[in-house]
Amino acid sequence: MALSRIDEVTPRDFRLEIPLGDFRELPQRLPSVDIQREGDVITVRAEQETCHLKFKVDGDVAVLDEIVIRSDVQGRFFQQVLGALLIEYQGDFRGTVSWSVPKGDRNEVVVDRGESPYPLLAVLAAARRSPLQEHAGAARQPPELTRAEKLQAEGRAAYEEYERLKSLRRN
């Protein structure tokens, strides 16, 4: 059986700002990420060459300017990079995710201030809720790697359950 993948993410509207200092820590927090800076442009890539995020530097923050996600195996880049950053930094996103299996499956995805009902992201958002409330006045600390791995596993499990229920509904 072929692995499912996101054929393409079509963003319509998005907002995400990340403090410049946090980009130094992203490779430790998101181990499959490579960050390159050329002038006022920061590019975040993963092992898949067909997926990247581009940020424009604006003072002491970087503002998301471009989202390119194609042929994303099991939606990993979408969930573990874009989704994790949207949740962590309370960003906004509206767009369409087109999956390869089942062929032509398209889902509208909305992230509003780091919250989303979309199965790949909902688990991440729910897990982030408590720490953000506990440390609301404190400076943002990067999450522990083990916590990030746990959230990714929970997200994958939630997505698998979503796919299972969806296939039952179609049969």
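Glutamine 90 counts as partly exposed, because its relative accessibility is 35%; buried means under 20% relative accessible area, exposed over 50%, and partly exposed in between, with a 1.4 Å probe and protein chains only. Glutamine 90 sits in the loop between H2 and E7. Its phi is near 50°, a positive value in a residue other than glycine. Helices (H or I, at least four residues) and strands (E, at least two) are DSSP runs, numbered from the N terminus.

The model is a predicted one: local features need pLDDT of at least 70, side-chain atom pairs count only at pLDDT 80 or more, and totals for chains, interfaces and linings use all residues. Residues are numbered from 1 along each chain as its sequence is written, and side-chain values use heavy atoms, with hydrogens and water left out.

The chain has 171 residues, and 42% of them are buried. It contains four helices and eight strands. From the N terminus, the order of elements is β-β-α-β-β-β-β-α-β-β-α-α. Among contacts in the chain with a separation of 6 or more, 58% join residues 24 or more positions apart. Contact here means heavy atoms within 4.5 Å. The chain exposes about 9,300 Å², and carbon and sulfur atoms supply 49% of that area. Accessible areas come from the Shrake-Rupley method with a 1.4 Å probe; for residues, only the protein chains shown count as cover.

Helix H2 spans residues 76-88 and bends by about 30° at leucine 82. The bend at a residue is the angle between axes fitted to the seven residues ending there and the seven starting there. Helix H2 is largely enclosed by the rest of the structure, because 11 of its 13 residues are buried. The buried residues of H2 include Phe77, Phe78, Val81, Leu82, Leu85, Leu86 and Ile87. Gln79, Gln80 and Glu88 are also among them. After H2 comes glutamine 90, with its positive phi.

The largest nonpolar core has 33 residues. A nonpolar core is a set of buried Ala, Val, Leu, Ile, Met, Phe, Trp, Tyr and Cys residues joined through side-chain atoms within 4.5 Å. Leu53, Phe55, Phe78, Leu82 and Leu85 touch the most other members of the largest core. At least two residues of this core come from each of strand E1 (5-15), E4, strand E5 (51-58), strand E6 (61-73), H2, strand E7 (92-99) and strand E8 (105-111). H2 gives the most to this core, with six residues. Leucine 82, the site of the bend in H2, touches Leu53, Leu64, Ile67, Ile69, Phe77 and Phe93, not counting residues up to four places away in sequence.

Strands E3 (residues 34-38) and E4 (residues 41-45) run antiparallel and are joined by five bridges. Two strands pair if DSSP finds at least two bridges between them. Aspartate 34 has arginine 45 in E4 as its bridge partner. The two strands form a hairpin with two residues between them. In the turn, glycine 39 has a positive phi of about 65°.

Valine 57 lies in strand E5. With a relative accessible area of 17%, valine 57 is buried. Its contacts include Arg37, Asp40 and Ile42, as well as Leu20 and Ala62, leaving out residues up to four places away in sequence. Valine 57 and arginine 37 are 20 residues apart in sequence, and their C-alpha atoms are 9.7 Å apart in space.

Strand E6 holds serine 71. Its phi is positive, near 50°, in a residue other than glycine. Serine 71 counts as partly exposed, at 33% relative accessibility.

Aspartate 92 has its place in strand E7. It counts as buried, with a relative accessibility of 17%. A polar atom of the aspartate 92 side chain lies 2.6 Å from the backbone nitrogen of arginine 113. Setting aside neighbours within four places in sequence, aspartate 92 is in contact with Asp13, Phe14, Arg15, Leu86, Val111, Asp112 and Arg113.

Aspartate 22 belongs to the loop between strand E2 (17-19) and helix H1 (26-29). At 14% relative accessibility, aspartate 22 is also buried. Beyond its neighbours within four places in sequence, aspartate 22 is in contact with Arg29 and Tyr89.

Conventions: A polar contact is a pair of N or O atoms within 3.5 Å; within protein, one must be able to donate a hydrogen and the other to accept it, and residues adjacent in sequence count only if both atoms are side-chain atoms.
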